[in-house]
Amino acid sequence: MEVLASVSSVLSMFALTPVISLMFFIIFLASIGKSLGVRRMYVSLLVKIFEYGRQNIESIRKQQFANLDTSDTDDGSTQAGKESADAGTVGDKPDCASKLNGNANKHLSNGDLANGGNSVISRVESLILLPDVDGTRSKSRESNHEEGQNDSLEFKLSNCLDYVKSGMEAIIEDEVTSRFEAEELKNWNLLTRTNRHYEFISLKLTIIWVFGFFIRYVILMPSRVFICFVGVVYCVIGFAIVGIIPQRKLRVRANDYVFKRTFRIICRSLSAVIRFHNAQFKPKNCGFCVANHTTPIDIAILSTDHSYSLIGQRHGGFLGVLQRALARASPHIWFERAEAKDRMAVAKRLKEHVSDPNNPPILIFPEGTCINNTSVMQFKKGSFEVGGVIYPVAIKYDARFGDAFWNSSRYSMMQYLYMMMTSWAIVCDVWYLPPMTRGENESAIDFANRVKGVIAKQGGLVDLVWDGQLKRMKPKKEWMEKQQEEFTKRLKGE
């Protein structure tokens, strides 16, 4: 028995040696910023599998739809129903293939939103109720009160209709809270978290789904966890060593080296495929890098190509370990969100940071919370009041391979990492945009909105004026009172 045990242990060691060697080879490639193109081939293969699944689902649904129509028609109309099904419609009903996953015949890619970001209803362009972002009365978008048109001063019941319609639209589909839910996919990506009960719709799809489940949970997940663990250990040890280097110039160079390699290893643990565009606009020292915010992984994505000083809420757990390790080697700003006095200290530290040309650029997410990568919400004005150059960056994730959005009110960080580790991959595009500076007579709010608009346009995101903190709290009472005052003046004809 002892001999058999020793033989089995030797065999298992030989079996694991190639796997461990492969993972260390992947870590080595990540540390030097090189790739053999395997991940891109893997992503291309996934696209073909998703397309095959879509065609398979559509053909089965079309056949089921045709059979249902045949059973409900008379003998004299059966042949006509079949001909209509072959042509893509059954009687006056739309083709089920066009219905599947939100009108596939529109060819909307994942993340693109119909009707300006509203997939259920078409909102009026004369939406009146807008948030008050600058402390003054909000401007109303009133198509029926065009410039030069004389309004009657007497009360008309029709004056209420715009508000009634806006309220009904908000009840049917709230454009704010929908930004804090997972992005709706046009096609199924073979993940049960986006499951629409398609895995058992046919034997072929069942086999593909079971095989994919085995790949993700038995092969990819353990190897990803190991690579991520190595990345975290490298981070803690590397920054601890960098932090004790006395000479500042040498410490800055060592920090840049360790910083980028740490996040390259962590991104490789997620099978991340990142495409950077417009490298000539990459952020420079003594400035602010401003980006839309979808997930804490945003930091890792951007840090594979450049080193930054980070600013954000102080966390515990896994993120806290990374924050403390980073702070040992480079100036970072961590604050408590609920402490008002701390906010003043943050603004002071920001000014001190950008005044030193040797400091790396500060990476800031002005939305203050994670949005589901379909839109950009209100930018906080704080970082736009300090001064200095703003380097806008747009990040767009491809949700087909894995939804990168972190719903922090629903999932803990460890739950979120588990979901990322069991996704197919993280695929995204990053655009560096031309640097921007605040105009001479431009307010901080106008400047923030201008930067936000540029990022939204480049990333193909919906530009919203709503505050992302509505994810956690109710609208302010003062804002509601101002809207009531606006409504009263409208009714009075003022």
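Guide: Welcome! Buried means under 20% relative accessible area, exposed over 50%, and partly exposed in between (1.4 Å probe, protein chains only). This model is predicted, with local features needing pLDDT of at least 70 and side-chain atom pairs pLDDT 80 or more, while totals for chains, interfaces and linings use all residues. Residues count from 1 along each chain as its sequence is written, and side-chain values use heavy atoms, without hydrogens and water.

Visitor: How many aromatic pairs does the structure hold?
Guide: Rings of Phe, Tyr and Trp (its six-membered ring) pair if their centres lie within 6.5 Å; planes under 30 degrees apart are stacked, over 60 edge-to-face, the rest tilted. The number of such pairs here is 13.

Visitor: How are the rings of Trp-188 and Tyr-198 arranged?
Guide: Their centres are 6.0 Å apart. Because their planes stand at 75 degrees, the pair is edge-to-face.

Visitor: Where do Trp-188 and Tyr-198 lie?
Guide: Helices (H or I, at least four residues) and strands (E, at least two) are DSSP runs numbered from the N terminus. The pair links distant parts of the chain, with its two residues ten apart. Both Trp-188 and Tyr-198 are in the loop between helix H5 (161-172) and helix H6 (203-243).

Visitor: Which kind of aromatic pair do Trp-406 and Tyr-416 form?
Guide: Trp-406 and Tyr-416 are both buried. Trp-406 is in the loop between strand E7 (389-397) and helix H12 (413-421), and Tyr-416 is in helix H12, so the pair ties together parts ten residues apart in sequence. With 6.0 Å from centre to centre and 40 degrees between the planes, the pair is tilted.

Visitor: How far is the charged end of Arg-261 from the centre of the ring of Tyr-257?
Guide: A charge sits over a ring if NZ of Lys or CZ of Arg is within 6 Å of the ring centre and within 35 degrees of the ring normal. Arg-216 sits this way over Trp-424, 5.3 Å from the ring centre. For Arg-261 over Tyr-257, the distance is 3.8 Å.

Visitor: Is His-306 buried or exposed?
Guide: His-306 is found in the loop between helix H8 (297-303) and strand E3 (309-313). Its relative accessibility is 14%, so His-306 counts as buried.
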